[in-house]
Amino acid sequence: MKHPQGELADPSAAFDDSTPLARELAEITRRRQALAAQELPLPSVPRVLTVANQKGGVGKTTSTVNLAAALARAGARVLVIDLDPQGNASTALGVEHHSDTPSVYDVIINDEPMATVVQPSPEFPTLFCAPATIHLAGAEIELVSLVAREQRLRTALEVFLREAAEPFHYVFIDCPPSLGLLTINAFVAAQEVLIPIQCEYYALEGLSQLLRNIELIEKHLNPRLSVSTILLTMHDSRTNLANQVVEDVRTHFPDKVLATVIPRSVRISEAPSYGQSVITYDGSSPGSLSYLEAAAEIARRGAPS
């Protein structure tokens, strides 16, 4: 059949992938289909990961919330423990954390059972959060005089996981961007450390100090602890600097860096203001797909032996 202008009509013209937008849409469709086709393995014992970086603004809380939501979406039972007094993880998961809310503070300082503070997140039926309140800001000082001050979160978490009516598969602990007693509690309670690194200038600044601190915790307080995962965040593929940071981090930590890189994304930044993860806020966005892919990598890798 002739085209009105005399050329043969091309039935694939409507799906022309020669434009950047069309190629991007085709790639997003491919990634969504690949994610839909896979079934993630569930660990036989709970994996407890502390998400840490002494440098602020690297996507630590954002990664905690979105990885947890991604794994819950895949069917895992996931607990997020918010150890940051700012309570941003609690906000993003849509759970109450005003000053009168039972919180992690009560668990660490007042020996309250963790089961009394854990709340279900409206994000997914299998996602839960132990929220932070402003009281945590004073917890560093109060912990100093307490017995077994570095072990208090681990003790409470072990009891909670042992007595849970249904087994949990993952626990993510979001800590403040500093190395105080709250962060030490998080390291002592975990088996794995996940370090988000932003793809920007000075990305590796402070990382060697963080790794030294983790080694000290491993040596003196928690021999089970290891850095299992490094996640590259806030990547802008248009800049040479971001691509150079990716290359440098992969060179330094070839076995720990996830293949998935989290892009700089407006959708990721917007989601917490709606009390949501990007997984539920805009599940088809590149940022959401990247966190789903990163979570799948973490699940498939399994805990370090």
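Author: Rings of Phe, Tyr and Trp (its six-membered ring) count as a pair if their centres lie within 6.5 Å, and planes under 30 degrees apart are called stacked, over 60 edge-to-face and the rest tilted. Here Phe128, Phe160 and Phe168 form one aromatic cluster. Before going on, note that this is a predicted model, in which local features need pLDDT of at least 70 and side-chain atom pairs count only at pLDDT 80 or more, while totals for chains, interfaces and linings use all residues. Residues are numbered from 1 along each chain as its sequence is written, and side-chain values use heavy atoms, with hydrogens and water left out.

Reader: How many aromatic pairs does the structure hold, and what is the geometry of the pair formed by Phe128 and Phe168?

Author: The structure holds four aromatic pairs. One of them, Phe128 with Phe168, is edge-to-face, at 5.5 Å centre to centre and with 70° between the planes. Helices (H or I, at least four residues) and strands (E, at least two) are DSSP runs numbered from the N terminus. Phe128 lies in strand S4 and Phe168 in the loop between helix H6 (152–163) and strand S5 (170–174), so the pair ties together parts that are 40 residues apart in sequence.

Reader: Are Phe128 and Phe168 buried or exposed?

Author: Buried means under 20% relative accessible area, exposed over 50%, and partly exposed in between (1.4 Å probe, protein chains only). Both Phe128 and Phe168 are buried. Tyr274 and Tyr281 form a stacked pair, 5.1 Å centre to centre with 25° between the planes; Tyr274 is exposed, at a relative accessible area of 54%, whereas Tyr281 is partly exposed, at 21%.

Reader: Which residues does Thr133 touch?

Author: Contact means heavy atoms within 4.5 Å. Leaving out residues up to four places away in sequence, Thr133 touches Pro85, His97, His98, Ser99, Thr101 and Ser103. Thr133 lies in the loop between strand S4 (127–130) and helix H5 (139–143), and is buried, with a relative accessible area of 1%.

Reader: How do the axes of helix H2 and helix H12 cross?

Author: Axes are lines fitted to C-alpha atoms, for helices over the stretch in contact, and angles run from 0 to 180 degrees between N-to-C directions. The axes of H2 (residues 60–73) and H12 (residues 286–301) come within 9 Å and cross at roughly 70°. That makes H2 roughly perpendicular to H12, a term for angles of 65 to 115 degrees.

Key. Angles under 35 degrees count as roughly parallel, over 145 as roughly antiparallel, 65 to 115 as roughly perpendicular and the rest as oblique.
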